[in-house]
Amino acid sequence: MTRHTVSSKPSVQRSIRSYVLRQGRMTEAQRDAHARLLPRYGLAFSPAPLDFAQVFGRSAPTILEIGFGMGETTAEIASTHPEIDYLGIEVHAPGVGALLRRIEARALTNLRIIEHDAVEVLTAMIAPQTLAGIHVFFPDPWPKKRHHKRRLIQVELAGLMASRLVPGGYLHLATDWQDYADWMLDVLAQVPALANTAEAFAPRPAYRPLTKFERRGLRLGHAVRDLVFRRV
Ligand SMILES: C[S@@+](CC[C@H](N)C(=O)[O-])C[C@H]1O[C@@H](n2cnc3c(N)ncnc32)[C@H](O)[C@@H]1O
C-alpha cells in the first residue's frame, strides 16, 4: 500500500526544518477528505523523479507550489488556469484535507498534492529543468534572529529551485514581512541562474489572488511584496 503521510524518517538527513509539525486539530470534514481523496489526488513521496505526463495524463506546463497552507489560493489559481498543471506541497495534514475538499468541490483535474517536506520532494521527485514555475506564498517568516536559519528561502534551496525550472521558467515568492522580503531579495541575488524581472520587488502578477488576510493587512497599511525571478 502506498503511504501518503509525512515520513518520520526523512530520506535526506536534514537537521534544520522550515516548519514545526503541529499535531491534530483536523476537522471531521478535513479528516474525511484526507482519508477518501488523498489516494486519488495525492502522490506518495518516492525517491524517483515524477513523470508529469503520466501523473496528469497529458502534456502541459507544470507549476509547483511550496507550502499551500489551507489551499485557497492554490485552488483558485488552478481553477482559473485549466491549461496548466499544478503540484501542491504541504506538510500540514489539516491543510491537505482542506485543499482536497476544494479539489472535489471544484472538480479540479489539474492539481495534485504531495504531503511531504518540499526540500526532499524537490531533491528527489522533480527532475532538473522540468517546471514552468514555482510559487512560494507567505512562507513562515521566522521573525526571531535565532530562527532565521529555519527560513525556507535560503541560498541552497533557491539554487535547487532554479535547477528544477526550465530556462525562462519563473520563481514567484510573496511575503508581508518586510525583513523577510529583503532577505529573499538578498538570497535570490546570490543565485546566478536566476534573474530578477523587476528592479527589486515586482508588481503582483494577476494570477495571484489577494488573500483575505492580505486584504486586511493592506487596509492596515502592511505592504505585501512579490518577487518574480526567471531562470536564465
Ligand atoms: C505561513 S503558511 C502560508 C500558507 C499559504 N501559502 C498562504 O499563503 O496562506 C506556510 C506554510 O508552509 C508550510 N511549509 C513550511 N515549510 C515547508 C516545507 N519544507 N515543505 C512543505 N511545506 C512547508 C507550512 O506547513 C505552512 O502551512
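Visitor: Which backbone N or O atom lies 2.7 Å from a nitrogen atom of the ligand?

Guide: In this predicted model, a backbone N or O atom of Phe137 lies at that distance from a ligand nitrogen. A backbone N or O atom of Gly67 is likewise placed 2.8 Å from a nitrogen atom of the ligand, while Ser18 brings an N or O atom of its side chain to 2.8 Å from a ligand nitrogen.

Visitor: How much of the ligand does the protein bury?

Guide: The ligand exposes 600 Å² when taken alone, and the protein buries 85% of that area. The space that the ligand takes is the largest pocket.

Visitor: Which residues come nearest, and what classes make up the shell?

Guide: There are 15 residues around the ligand, of which Ser18, Gly67, Glu90, Ala118 and Phe137 come nearest. Sorted by class, the shell holds seven nonpolar, five polar and three charged residues.

Visitor: Where is the pLDDT below 50?

Guide: Where pLDDT is low, the predicted coordinates should not be read in detail. The chain has a mean pLDDT of 93, with 93% of its residues at 70 or more, but over residues 1–12 the value is below 50, although this stretch has 21 contacts in the model beyond near neighbours in sequence.

Note on methods. Residues are numbered from 1 along each chain as its sequence is written. This is a predicted model: local features need pLDDT of at least 70, side-chain atom pairs count only at pLDDT 80 or more; totals for chains, interfaces and linings use all residues. Side-chain values use heavy atoms; hydrogens and water are left out. A residue is near a molecule or strand if one of its heavy atoms lies within 4 Å of it. A polar contact is a pair of N or O atoms within 3.5 Å; within protein, one must be able to donate a hydrogen and the other to accept it, and residues adjacent in sequence count only if both atoms are side-chain atoms. Accessible areas come from the Shrake-Rupley method with a 1.4 Å probe; for residues, only the protein chains shown count as cover. On a 1 Å grid over the protein atoms alone, a cavity is a set of points where a 1.4 Å probe fits but cannot get out, and a pocket is an open set with protein on both sides within 12 Å along at least five of seven lines; lining residues have an atom within 4 Å of a point. A molecule sits in a cavity or pocket if more than half of its atoms lie within 2 Å of its grid points. Ala, Val, Leu, Ile, Met, Phe, Trp, Tyr, Cys and Pro count as nonpolar, Asp, Glu, Lys and Arg as charged, and the others, Gly among them, as polar. pLDDT is the predictor's confidence in each residue, from 0 to 100. Contact means heavy atoms within 4.5 Å.
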